[in-house]
Amino acid sequence: MRLGSGTFAACCVVIQVLGVALFLRGFFPAPIRSSSRTEHQAEPPAPEPSAGDRSNWTKLPPPLFRKVVIMLIDGLRDDFVFGSKGVKFMPYTTYLVEKGASHSFVAEAKLPTVTMPRIKAMMTGSLPGFIDVVRNLNSPALVEDNVITQAKAAGKRIIFYGDETWVKLFPKHFVEYDGTTSFFVSDYTEVDNNVTRHLDKVLKRGDWDVLILHYLGLDHIGHVSGPSSPLIGHKLREMDSVLMKIHTSLLSEERDTLVPNLLVLCGDHGMSEAGGHGASSMEELNTALILISSAFERKPGDIRRPKHVQQTDLAATLAIGLGLPIPGNSVGSLLFPTVEGRPVREQLRFLHLNAVQLSKLLQENVPSYTKEPGFEQFKMSERLHGNWIRLYLEENNSEVLFNLGAKVRRQYLEALRTLSLSLSRQVAQYDIYSMLVGTVMVLEVLVLLLLSMPQALSNKAELEVPLWSPVFSLLFYLVFLVLSALHVIVCTSAESSCYFCGLSWLTA
């Protein structure tokens with residue numbers, strides 16, 4: 001069979017495109033998504049489990065906090081707060097961490113460690129992919145279920161000052177905002193003054209529910225001078241004074257309302273020893289996360305070392321704190337210390353809502369979800385929870401009720417940890433098989449093009465393509481059998497979830 005060089009080249013291009021598409025399909029696996037909730041319509045909350053007597057708690061619990069302030073410092077890695085720099089340059093924050101009514105965490109960010117994906121992770125609880133690195137330059141509006149959208153739907157008034165990435169992600173969510181660009185990295189003064197200049201008037205007002213501040217100066221100093229620059233200390237001291245102003249204002253307001261507020265200090269990502277971010281070093285992944293509220297009781301001499309959590313856990317915690325549904329795509333779990341001062345029934349209610357949300361996400365994205373240990377733990381927790389509710393409604397205040405409540409709480413926390421880990425692994429799992437097949441297709445066509453180059457450039461510009469001789473060769477059948485055997489081995493593997501394994505054997 002003779003082919004013209006144009007037809008031959010067109011066939012090669014088509015195969016190349018298919019190979020590249022197959023490789024990208026394996027490199028960017030399908031994200032974890034919930035189909036049961038959209039941006040505009042949320043399903044009703046799961047009722048409280050019951051055994052015997054029927055519980056009537058079918059609504060979301062009321063908010064834990066009257067106001068929430070999120071102070072996000074770009075590039076705030078954990079040792080800037082919990083290390084020697086924090087002790088030296090952030091004395092007020094250090095006092096709150098060591099002796100104040102607060103809970104401290106080292107929040108681990110996931111790749112990619114750039115601003116826009118990290119904001120998405122904190123507000124949706126999901127794990128953005130590498131494609132968001134490109135979108136970071138011009139962020140589209142976020143349509144995925146998130147805390148900001150839920151708060152706006154619930155009638156919360158949200159104010160924002162800082163990095164304009166938030167304004168692009170949430171274009172119609174803020175009743176008042178002032179965005180600043182993040183691209184002038186040599187500016188580390190005005191970019192933060194533009195945020196702080198609004199504080200005095202906003203803190204005196206009572207017409208808002210959520211205040212978000214995103215400071216860029218620390219990150220800009222890192223990009224220009226690195227984390228060892230003396231400018232880092234001056235910027236941390238400035239941020240400490242801002243935190244003190246916000247905290248004292250919230251405490252002053254609580255004396256009149258008697259309802260606790262919440263102040264969140266966090267970073268979106270860390271900072272490498274070279275001053276940049278985007279990779280996977282510990283300095284870039286580990287960020288500081290501090291939750292400050294008078295609702296958090298602290299006993300004298302109580303020493304709390306920062307616990308390691310996932311950055312995605314913040315979304316579920318903020319949703320519970322504001323009395324909102326947990327975002328449907330969230331793979332995070334509630335930071336339990338924030339509710340451990342509440343009555344046992346409320347604690348179990350919060351944990352149950354989080355476990356139901358994670359288990360539904362698991363069911364919709366993992367075909368063999370019933371075999372997942374997290375799902376089994378959740379079902380056991382729910383049964384024990386129902387038994388606890390039955391004893392509670394019988395007004396049984398015995399030691400049995402107390403011990404059972406503690407057992408249910410431990411069971412829920414273990415189920416949440418396992419469910420969150422299973423979902424996170426599902427998101428981060430690359431389809432290596434599809435990537436290899438795509439790579440082989442691309443390389444084969446490249447080799448074929450190189451071999452056929454002399455003929456394609458000749459005057460006749462025609463190629464003789466033998467069709468029948470390979471079909472009758474022993475080598476053809478040997479290669480076919482080897483590839484078939486490899487496919488069967490890969491797709492019968494217990495841990496495999498590749499694209500080809502969803503196809504019939506003959507088609508693949």
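Author: Questions and answers on ring pairs, charges over rings and a helix follow. This is a predicted model, where local features need pLDDT of at least 70, side-chain atom pairs count only at pLDDT 80 or more, and totals for chains, interfaces and linings use all residues. Residues are numbered from 1 along each chain as its sequence is written, and side-chain values use heavy atoms, without hydrogens and water.

Reader: How many aromatic pairs are there?

Author: Rings of Phe, Tyr and Trp (its six-membered ring) pair if their centres lie within 6.5 Å; planes under 30 degrees apart are stacked, over 60 edge-to-face, the rest tilted. By this rule the count is eight.

Reader: Which kind of pair do F65 and F296 form?

Author: Their centres are 6.1 Å apart.

Reader: Is F65 buried or exposed?

Author: Buried means under 20% relative accessible area, exposed over 50%, partly exposed in between (1.4 Å probe, protein chains only). F65 has 6% relative accessibility, so it is buried.

Reader: Which ring lies under the charged end of K67?

Author: A charge sits over a ring if NZ of Lys or CZ of Arg is within 6 Å of the ring centre and within 35 degrees of the ring normal. The charged end of K67 sits 4.1 Å from the ring centre of W208. The ring is that of W208.

Reader: How many residues of α15 are buried?

Author: Helices (H or I, at least four residues) are DSSP runs, numbered from the N terminus. Helix α15 covers residues 344-365. It is mostly covered, and the buried residues number 17 of its 22.

Conventions:
Helix = DSSP H or I, 4+ residues; strand = E, 2+ residues; numbered from the N terminus. Expected span 1.5 Å × (residues − 1).
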